[in-house]
Each structure stands twice: as structure tokens, then as C-alpha cells.
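I opened the notebook to look up a few things in this structure.

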Amino acid sequence: MYRYDRIDQQMIDERVAQYRDQIARNLAGEISDDELRPLRLQNGLYIQRHGPMLRIAIPYGALAAAQLRKLAEISRRYDRSIGHFTTRQNMQLNWPKFEETPEILGELATVEMHAVQTSGNCVRNITTDPFAGVAPDELTDPRPYCEVLRQWSTFHPEFAFLPRKFKIAVTAATDDRAVIRAHDVGLEIVRNADGEIGARVFAGGGMGRTPVIGKVVREFLPRRHLLSYLDALLRVYNRYGRRDNIYKARIKILVNALGIEEFARQVEAEWEHLEDGPTTLTDAEFDRIARHFAPPAYESLPGDDTAFAAAVASDKAFAAWVKRCVHPHKVPGYAAITLSLKAPGAAPGDITDQQMEVVADLADRYSFGELRVTHEQNVVLADVRRRDLFDLWQIARANRLATANIGLLTDMICCPGGDLCSLANARSVPIADAINQKFDDLDYVHDIGDLSVNISGCMNSCGHHHVANIGILGVDKNGEEWYQITVGGQQGNATAIGKVIGPSFYAEEVPPVIEALIDVYVEQRSASERFIDTFERIGLEPFKQRAYAGHEKHKPARSAAEQVSAEAQVQHV
Amino acid sequence: MSKVIKNERIVEDHWQVVKLAEGQTPETLDLTGEVLIVPLAVWLARKDEIITRSKPIGVWLDGNEGPEAIAGDLEHFALIAVNFPKFTDGRGFSIARLLRERYAYRGEIRAIGDVLRDQLYFMKRCGFDSYAVREDKDIEKALAGLRAFSESYQAAVDQPQPLFRRRSA
């Protein structure tokens with residue numbers, strides 16, 4: 001993984017000093033709360049329902065074991081011994097003290113970490129494929145691109161106060177596992193007909209209150225032009241994106257207003273002036289960064305391990321885990337594995353300090369000392385010998401990290417929701433918990449198969465409900481929590497926005513409605529169909545009818561109050 | 001007379017930013033002052049008249065006003081001010097870079113409006129060289145904001161080479 005040199009470290013140290021001074025000036029009354037807000041947000045600090053929340057950056061989800069141990073230590077010393085992984089592959093601490101946040105950032109800097117630009121109207125943490133570097137279907141390792149972008153975006157002088165936040169995701173694989181089409185900019189690393197490497201650039205995607213699938217703004221951008229082209233694109237957005245209405249300020253609104261062709265034309269016109277300028281990426285720099293991601297010292301191993309095969313054959317629970325949590329690896333004898341943070345009763349994405357220590361130990365022992373955070377809020381160990389899988393599984397299982405549910409119904413993406421977040425209209429974790437209780441038969445969950453159920457506590461869509469096969473959105477109607485259900489969304493190459501099935505439900509109605517939707521699938525599926533395949537074949541109507549059977553009392557259209565309260569949300573706190 | 005930061009020092013300043021009052025048109029604005037920074041609309045409407053005054057003149061651009069509008073007039077300005085309606089409005093950063101990098105303006109570029117210490121470093125990087133720090137703030141203390149970082153990754157006006165072209169050197 002990327003390691004800081006003296007200059008990288010100096011910049012992060014200076015950032016801590018700057019932030020420490022800003023907090024001190026705020027406490028001394030020299031800088032108002034309003035003036036501090038964007039500054040603290042760009043250091044990850046929100047003021048939440050119960051107090052501050054600190055969002056720590058995990059660039060493209062990559063962590064060293066030592067960094068995770070530091071996070072465990074910080075969570076013990078400054079928080080309640082728990083961290084929460086987010087859909088931007090970051091970690092949130094929900095109970096830090098405002099005055100102690102400079103100390104936390106100082107601690108993070110000792111392990112080359114920070115909270116830079118994890119919030120605010122700036123370029124946020126770059127995200128990517130959690131199987132980067134090991135996925136058999138990838139063209140190349142996307143992480144050097146991510147690090148190039150991290151450095152370019154860090155303290156970018158022109159783009160620190162954009163109209164709104166700006167999210168970039170990168171994939172270099174055949175299957176997109178980074179949801180690049182639901183990002184402000186998505187980069188798909190490809191080769192052109194001449195064999196040159198570069199990016200297909202998507203722009204204007206995003207979730208939030210107006211979900212939009214990104215469109216191709218440039219079919220092929222040679223690698224060397226990546227940064228100057230993004231400078232041009234961001235400049236067009238910075239100058240012409242709307243600033244009069246926070247809900248219409250994302251780049252997707254500008255792209256839709258101009259049309260993708262006109263937007264692309266404006267970006268190209270701007271880029272004409274920047275093309276081949278000093279920001280043109282050099283091969284030497286790319287290679288310098290790529291060397292940090294050189295493959296670890298893999299052993300020469302047979303593709304099949306007999307002891308592993310025997311364990312799969314003899315242990316049903318292990319076999320179930322292997323089926324869901326072990327993923328192919330490009331090197332024979334190795335596998336990538338996902339440690340599920342979706343155990344029954346646990347808040348999705350939460351990890352205790354003890355679990356952090358265990359994961360760090362597992363990484364050191366079995367995966368070259370590194371791990372990745374996934375946007376689905378789990379943890380990946382990317383380089384495990386197949387012969388070690390059984391031992392690893394036993395340790396993971398003893399620490400509630402081996403629930404065999406990756407990609408299944410109970411592997412829910414879920415935001416912290418109304419229990420903690422002051423933006424939320426409704427709680428989300430108790431809904432996840434109730435669904436977990438309803439579907440407590442793991443065999444049945446396995447039988448249902450691939451199914452994404454995502455929960456967001458408000459329109460900001462941190463829980464990615466729009467791109468879930470079944471999406472659950474918390475809405476507020478006259479101070480009551482209601483939940484709107486969507487069906488048919490998906491992530492990946494065929495990214496689609498789910499369709500609303502109808503009026504919202506009470507919290508206690510959600511699990512039976514999910515069950516009704518799944519019943520439709522189970523009754524109608526052909527042998528090899530996933531939920532989403534059946535949905536695409538039979539359409540929304542059968543699901544809609546079953547969901548509302550016996551619920552006629554909720555048939556009235558969405559109330560005006562629901563609309564109003566959704567509009568009344570505040571984005572930044 | 002007020003104080004501004006100019007070339008990283010605090011200096012007395014005589015420039016007067018002129019704004020159109022409610023109901024006032026560019027045509028009716030009083031231009032008798034000595035060193036005026038006029039709104040873009042006034043410059044565009046009364047360019048010839050202003051040039052014949054043969055006094056130093058400045059123009060100010062609001063966030064929604066691009067440098068394109070004065071690209072052919074730059075030789076006439078002793079100063080171009082860029083207004084930050086709110087410190088969170090980042091359009092002025094792009095405007096300053098364009099003035100320097102695209103239109104090669106070498107005169108003074110001044111940040112006016114909601115100009116605060118914690119944005120000065122980025123302003124400097126984008127080509128500003130003077131700062132009318134908001135009046136209720138301590139301009140002496142604000143000076144420190146210019147030196148928040150000793151190195152940066154990106155190419156910009158203050159350092160035209162990105163770090164990656166200098167790193168190996």
C-alpha cells in the first residue's frame with residue numbers, strides 16, 4: 001500500500017496543526033460556529049444528535065494492520081470502543097469529544113491517517129473495488145489511480161468550496177464493484193483499440209434525493225490526461241453548478257440541465273487550455289506510486305489445497321462460509337475473503353475495538369498485514385492462502401466476524417440512521433435488526449440467494465437504498481417514522497435505480513413487507529434466477545400487489561406532509 | 001482608508017470598492033473618486049469614459065461574472081478584485097486562476113467580500129496577491145493564514161509545477 005514520504009507526512013502534520021488552531025480559535029471566540037463549520041467538516045467533524053461525530057478517511061478503503069490497531073486504540077481512548085464503517089469505505093466515531101478531536105487527528109497522523117475531506121463541499125474520499133489487485137477479472141490494479149487522485153484532490157486550492165460534495169470512484173475490473181455509475185465522476189480503467197491505457201469517464205451520477213445514473217462524458221481519456229481533464233471538469237462544475245439551492249447543487253443537476261453533450265463540450269473547451277500542461281501525469285510518477293502497490297511475496301502454491309477441500313466436505317458451516325465469503329484470487333492457492341460485519345443483532349458496519357484487534361491480527365497472520373474496507377461495510381482480507389482458510393474462519397467465527405451472509409439478504413448496507421445522525425428522518429438500525437430477526441434461518445437466507453437490501457434513514461441515501469434490489473428509505477410524516485420501499489435497484493455494470501412500490505409503511509410493517517416481496521420471488525423464480533432477474537422478467541406489479549395485500553388502509557397517496565418534511569432536511573450540521 | 005494584506009504584508013490602502021446602490025444604474029454612478037474599483041457592469045457601460053479619466057482604475061467581478069468579460073481590457077486595470085459573496089462560495093478561486101493562467105493578468109488581484117483567514121492559503125495559490133480581510137476580523141492574525149502549508153500537491157499559480165514534477169528533483 002502507499003506509504004507517505006517526508007512531504008506527505010509534513011502536509012498531514014501541518015493539517016493537524018491548522019485544525020488544532022482553528023478549534024482553539026473557535027473556543028476563544030475568534031471564529032464563529034458558522035465560520036468553523038466548513039473547516040471542521042473538511043476534517044470530518046460533524047455535530048450530531050448526541051454530540052460530535054468524526055469521520056476518519058480510509059483512502060480507497062485500504063488499511064494496514066497497524067492503522068487498524070491505532071483505530072482500535074483511538075476508539076477505546078476517545079470513544080466508546082466501537083467504530084462504524086461507511087459506504088465511502090471510511091470509519092466514523094460516534095462519541096468523540098469536540099475538544100479532543102485535534103488529539104485524535106494527531107494520533108491518526110502518527111500512522112499516516114487523517115480525516116481530510118471526509119465531509120464538506122469538496123472532493124471526498126476516492127473509493128474503489130475492495131478486490132483491487134487480486135480480482136481475476138481486473139485489467140489492472142486501480143489503486144495507483146486512486147492514490148494519484150488522492151494526492152491531486154488533497155487540499156486542491158481551486159476546489160475546496162464547490163457547490164456541493166464531489167465523489168469519485170474507480171474500477172478497473174470487468175464487473176464494477178465500486179458503483180461508479182452512481183458517483184459524481186466514475187472512472188472505468190480500460191484499454192483503447194491501440195492498447196493504450198486510460199479511463200472511460202462517467203459524470204453526473206449520484207444518489208441522494210434525485211438519483212441519477214452517470215453518463216459517459218468521455219469514452220477514452222489517456223492516463224496522462226487524467227488530472228488535467230478532471231481539473232477542467234471540476235472547473236466547469238465549480239463555476240456553473242447551482243449554488244442557490246442545496247438540493248440542486250450536485251453536478252448531476254448541472255449535467256442534466258445542460259445535457260451530457262453540452263456538458264462534455266464545455267469540459268472539452270476548458271480542457272483545451274489545460275491539455276498537456278504541467279498537470280499532465282508523468283509515467284515516472286505513476287510508476288513511483290504503482291510500486292507501492294506491487295504484489296506481495298506470494299508463494300508458489302497448487303490451485304487446490306486438499307486439506308481445505310476436506311474441510312469444506314466435512315464441515316457444513318465452513319462450507320457455507322466458503323460459499324459466501326471466499327472470493328477468487330488471480331494467484332493460484334490464494335483467496336480473498338470477506339469478514340462480515342453483519343452478524344445478527346449487530347449494527348451493520350459496526351466493529352468493536354476487540355474485533356479491530358482481531359482483524360489486524362488476522363491480517364498480519366494471513367494476509368500480508370493489510371485489509372480493505374468495502375462500501376458494503378464489511379472487511380476484506382485480500383491475500384489468504386487457501387490452506388489457511390479453515391484456521392482463519394475459526395478465529396473469525398469466534399469473534400462474530402464469520403457470518404456466512406455476504407451478498408445475501410442480511411448483508412444489509414445501513415446508515416447509522418436516526419439513533420445517531422441528526423440528518424435522519426427515521427431510524428435505520430432497528431429496521432435492519434427486525435429484518436434480521438424475521439430472517440433468522442440462515443438456510444432459508446442462503447436459499448433466497450443473492451439479494452441486496454439497503455436502508456437509508458433519509459434522502460441523503462448514505463445507505464445506498466436506491467441501488468438495492470430492495471431499498472428501504474426512512475421518511476418523516478408529521479413526526480412519525482415511515483418507510484418507503486423500492487424494488488429493482490442494483491449496483492454494478494447494470495446499475496439501476498429502484499422503483500417506489502407505493503405509499504410508505506410503519507416500521508413494524510417493514511419485515512412482513514420484505515417477506516411478501518421475497519415470497520413473490522420464491523414462487524416465481526426459475527431455477528437459476530436471482531431476485532433481480534425475476535424482477536426484471538415479471539416487473540414491479542406482482543411485488544407491489546403482494547406488498548399491499550391486506551394493507552389497503554395505507555393505499556392513499558403519499559401525504560403532503562411526507563413531501564414537506566423531506567424538503568425540510570438540513571444537509572450539513 | 002483601510003488596511004489590506006498585500007504581498008504578504010499589511011498596508012494602508014486607498015482603493016475604494018464602488019457598488020451600485022438599489023435603483024442605481026451604471027450610467028448614473030458617480031465616478032469622481034480617485035482610485036475606484038468599479039463593478040463590471042459600470043466598466044462595460046462606460047469603458048471609454050473611464051479610460052479618458054486617466055486615473056488608475058480597478059474592476060471587480062462577482063462570483064457569477066467571468067474573466068471572459070474583461071479579457072480584452074486587462075491592460076487598463078491597475079487592480080482586479082474578485083468578490084466572495086460568502087466565504088463558502090468557491091467560484092472566486094477559479095476566476096483568479098483564469099485571470100492569471102489563461103489571460104496572463106499580472107496586476108494586483110484582490111479578494112474582497114467575505115474574506116477570512118482560513119481561505120487565504122488557497123486564495124494565494126490561485127493567484128490572489130491582496131486580501132481585504134473582512135473588517136470585523138483581526139488582519140494581523142489573518143496573515144498567518146497565508147502560510148498554513150509549506151508544500152502542496154497540485155500545480156497552481158504560486159507553484160506552476162505539481163509536486164510530482166518536483167519530487168524527484
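How many cavities of 30 Å³ or more does a search of the whole structure find? I found 10.

Ground rules first. This is a predicted model, in which local features need pLDDT of at least 70 and side-chain atom pairs count only at pLDDT 80 or more, while totals for chains, interfaces and linings use all residues; side-chain values use heavy atoms, without hydrogens and water. Residues are numbered from 1 along each chain as its sequence is written, and chains are lettered from A and ligands numbered from 1 in the order in which they are written.

**Cavity.** I took the search terms from a 1 Å grid over the protein atoms alone: a cavity is a set of points where a 1.4 Å probe fits but cannot get out, a pocket is an open set with protein on both sides within 12 Å along at least five of seven lines, and lining residues have an atom within 4 Å of a point. Grid points are joined across faces, edges and corners, and a volume is the space filled by probe spheres set on the points. The largest cavity has a volume of about 620 Å³. I noted 42 lining residues, with A:Arg55, A:Lys165, A:Lys167, A:Asn460 and A:Cys462 nearest the centre. By type, the lining has 14 nonpolar, 20 polar and 8 charged residues. Here Ala, Val, Leu, Ile, Met, Phe, Trp, Tyr, Cys and Pro are nonpolar, Asp, Glu, Lys and Arg charged, and the others, Gly among them, polar.

**Pocket.** The largest pocket holds about 1,000 Å³ of space. Its lining counts 36 residues; A:Arg177, A:Glu376, A:Gly407, A:Asp450 and A:Gln491 lie nearest the centre. I sorted this lining into 14 nonpolar, 13 polar and 9 charged.

**Strand β17(A).** I looked up residues 453–456 of chain A next. A:Val453 and A:Ile455 point one way, A:Asn454 and A:Ser456 the other, and all are buried (under 20% relative accessible area, 1.4 Å probe, protein chains only). Strands are DSSP runs of E, at least two residues, numbered from the N terminus. Strands pair if DSSP finds at least two bridges between them. β17(A) pairs in the parallel sense with β16 (residues 413–414) over 2 bridges; A:Ile455 partners A:Cys414. It also runs parallel to β18 (residues 470–477), joined by 4 bridges. There A:Asn454 partners A:Gly471.

**Chains A and B.** I found 48 residues of chain A in contact with 40 of chain B (heavy atoms within 4.5 Å).

Technical notes. Buried means under 20% relative accessible area, exposed over 50%, partly exposed in between (1.4 Å probe, protein chains only).
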